[in-house]
Amino acid sequence: MAPIVSIPVEPSAGDYDYDLVVIGGGSGGLAAAKEATNLGAKVAVLDYVTPTPLGTKWGLGGTCVNVGCIPKKLMHQAALLGEAIHDAKSYGWQVGDNISHSWEALKDAVQAHIKSVNWVTRVELRDKKVEYINGLGTFKDAHTVQTITKQGERLLKARYFLIAVGGRPRYPDIPGAVEYGITSDDLFSLDRAPGKTVIIGAGYIGLECAGFLVGLGYEATVMIRSVPLRGFDQQMANIIVAEMEDKGVKFLQKSIPKSVEKLDSGKLKVTWTNEAQQEFSDEFDTILFAIGRRALTKELNLDTAGVKVAGDGEKVDAVNEQSNVPHIYAVGDVLYKKPELTPVAIHAGRLLARRLFGNSTVNMDYENVATTVFTPLEYGAVGLSEETAASRYGEDNIEVYHAYYKPTEFFIPQKNIRHCYLKVVALREGDQKVLGLHFIGPQAGEVIQGFAAGIKKIVHFPTSGSFKDPHTILPAKSGHKEVTGKLILIALEAREQYPDIPGDVQLGITTEDLFSREKSPGKTLIIGAGCMGLECAGFLNGLGYNVTVMNRSAMALKRLDQSMASHVVAEMEQRGVKFLSECQAKSITKSPDSERLQCTWVDGENQQVAEDFDTVLFAIGRKTYLTNLNLEKASVRDFNADSGHIQTINEQTNVPHIFAVGDVLHDKPQMASIALQAGKLLSRRLFACSREHMDYEIFGFVLFTPLEYGAVGLTEESALSRFGEDSIEVYHAYYKPSSYLLTQRSIEHCYLKVVALREGAGKILGMHFLGPNAGEVVQGFVTAMRCGLTVESLLNTVGIHITNAEEFIKLDVTKRSGLDPKLTPCCS
């Protein structure tokens, strides 16, 4: 993420090695570290994983990456897929009855993914110049942390410290618990199938584990000491339990474990008592403790730094993440009475770094945080539970709206909907402010996320409305309120245009119709050879339809690099797409002899031609419609209603408080990713003291034609025009993609080039790649170019073999040399 404010870190009075030392390499700590380095701070991260009693340990990234969110969600998904296989029979798929699952295969796949994330995390720290130290940090004094590494003892002095050590699962104080039990720290890498499992604890971790274990075919029992999902809405929690019981999970209510012993058979005997003090026992293959987590603060020697902990003796009772020692902060699971959620820790860490090093004043809002419990039927919630709302506002002041519903996924399989339930908790007075939303059903996390924004009163108007005066927008529909804004952002999306010819609107379609069209396209004429036209031609041809592309000019993709565009067109022609250049459509009529459409056009020799098609698709460009905005009433002058564009400087119009981003901007790329980034940067300038503006030159772009074209920076034509032919060097080559090695497919158009300045180290101005996965290849070079990539540094880079991207590293032939940019042998 780009810096919020590019200001130097003020020098401190002490002689410190670092501006910030982060103790703990989990999500919150890493987020703060990376944001701090973005803002110019010198940062070190200390991270060390103490092995579990079973001996399990893991890499950098913290609980979420290694033993929490990610592996849990992957195993949850595995269980859902198993259920989906059975559901598939109802949709006509011929699935056998002998379906089995391999724990070993799943475990290996999950661990492989985790290790890849560990590696990426380390690389990211290195790239951001965050020093990573694999050691356990403990305070020696208020400004010094001590650690022991393989190289010996190190003392780190810092201006600020951030405690982000997270927590680890607790074990109960009963015989055999530590010796024979495991926790979620061990489960995801367990080298044997869990078998019959008892989960002791009914928080979200316990229920999630029980859910995916039973979904994978294992017998699961959950022992509940008091209530399930303590801290969550209890009506919803009990519905979750009932659903899990329907799926085969056994629950032991009001039960407390007393002992664990290992039998000669290898089984584990668990003894417990219920609320009537009756004693029971059973044998299991695995005992999983999920009774809560403890913050890892006792290992830090906080007392030597003067940091006080809360009444529980473990957590830091901080105000805006600041402990009682002003330069020592904390984020994540170590905070007292704060949500123990990865996104919360990440956001808090970033905001803290911006306050410390970016002149920000924005604090973390711990209220109305959305969360999801990934049980078989998921539970998503944001805001207050019904119990909390009634306690806070009084039962007579609360209204609860609720309903059962049938998910679309359940329609054909006729699955049980008894527990598909949702409710809204609101105040009864006035407009009935919503206090909490709760949803149980498939994809609950996806469902609830948008509501999390709404409940915080973030307002977004899907209709454009129009200006009444420079600070007031009239509603687009009757019954809506006028909106007055201190600042106004115009962000209308462009719409596809129709040509002004007979039959265009009545008989033709655009991409706004194509993707929801009921009948198959059949023989299709695409009028327009820009990005949208060629992408549609590519996939329609790939799906087996006859496709013709009509272009008004001689050039396709006229705003892109023309040698690359020529390769794209030639490749598509080889695949069967027909191109009509320098042709202009004149009319579309219903064919007199069939239901087909007859298109008439004039070709480059001024000859009139007619042909029948099943579909005529217009892709001649997009336009934003500014007329209805009444911009003149807002005193906005620099706009063209015909083109649908507004002229701005750094997204600001001539009216200082009115801004614009996206498709409405004059002479700016119409790309969703650019609009997104421009909008974010604008918000940071307006509300977070940022000075960073949108760079409309160095950005990545991908054309999803059959052979994809990815690019970043200037085209060859633009570079020559801007700097002159004598100042430009173009390196180019043909290559053989790794995915073509065995298939022996044509490589005639697998081509790449780099456009650079000739002087000095050869600053790179543009990079262009035509081949499979072009977007993946180009993305990394976007960052490199923003960092001032040169030909010298590019060619001194070690390639990743065997990849398509390494072909950039091997470039050594220039167009100026006249040498053949022929394919070079592998590993040459």
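Over which residues does pLDDT stay under 50, and how many contacts beyond four places in sequence does the model have for them?

**Entry 1: confidence.** I started here, with pLDDT (the predictor's confidence in each residue, from 0 to 100). The stretch is residues 456-464, and the model has 12 contacts for it beyond four places in sequence; contact means heavy atoms within 4.5 Å. I also found pLDDT below 50 over residues 824-828, a stretch with six contacts in the model beyond near neighbours in sequence.

**Entry 2: ground rules.** This is a predicted model, where local features need pLDDT of at least 70 and side-chain atom pairs count only at pLDDT 80 or more, while totals for chains, interfaces and linings use all residues. Residues are numbered from 1 along each chain as its sequence is written, and side-chain values use heavy atoms, with hydrogens and water left out.

**Entry 3: a sheet and its helix.** Next I looked up strands and helices, which are DSSP runs numbered from the N terminus (helices: H or I, at least four residues; strands: E, at least two). I found an open sheet of four strands in the order β10-β9-β8-β14, with parallel pairing; two strands pair if DSSP finds at least two bridges between them. β10 (250-252) and β14 (286-289) each have a single partner strand, so one side of each is left without a neighbour in the sheet. Four bridges link β8 (residues 197-200) to β14, and V198 stands opposite I287 of β14. Helix α7 (residues 204-215) lies across β8, β9 (220-223), β10 and β14, at about 165 degrees to β8. For such angles, axes are lines fitted to C-alpha atoms, for helices over the stretch in contact, and the angles run from 0 to 180 degrees between N-to-C directions.

**Entry 4: another sheet.** I then followed three strands that form an open sheet, β11-β12-β13, with antiparallel pairing. Its edge strands are β11 (256-262) and β13 (279-284). Six bridges join β12 (residues 268-273) to β13, and K269 has E283 in β13 as its bridge partner.

**Entry 5: two helices.** Last, I checked α1 (residues 27-38) and α10 (residues 342-357): their axes come within 7 Å and cross at roughly 30 degrees. That makes α1 roughly parallel to α10 (angles under 35 degrees count as roughly parallel). Among the residues that meet are S27, A31 and E35 in α1, with I346, R350 and F357 among those in α10.

Conventions: Parallel < 35°, antiparallel > 145°, perpendicular 65-115°, else oblique.
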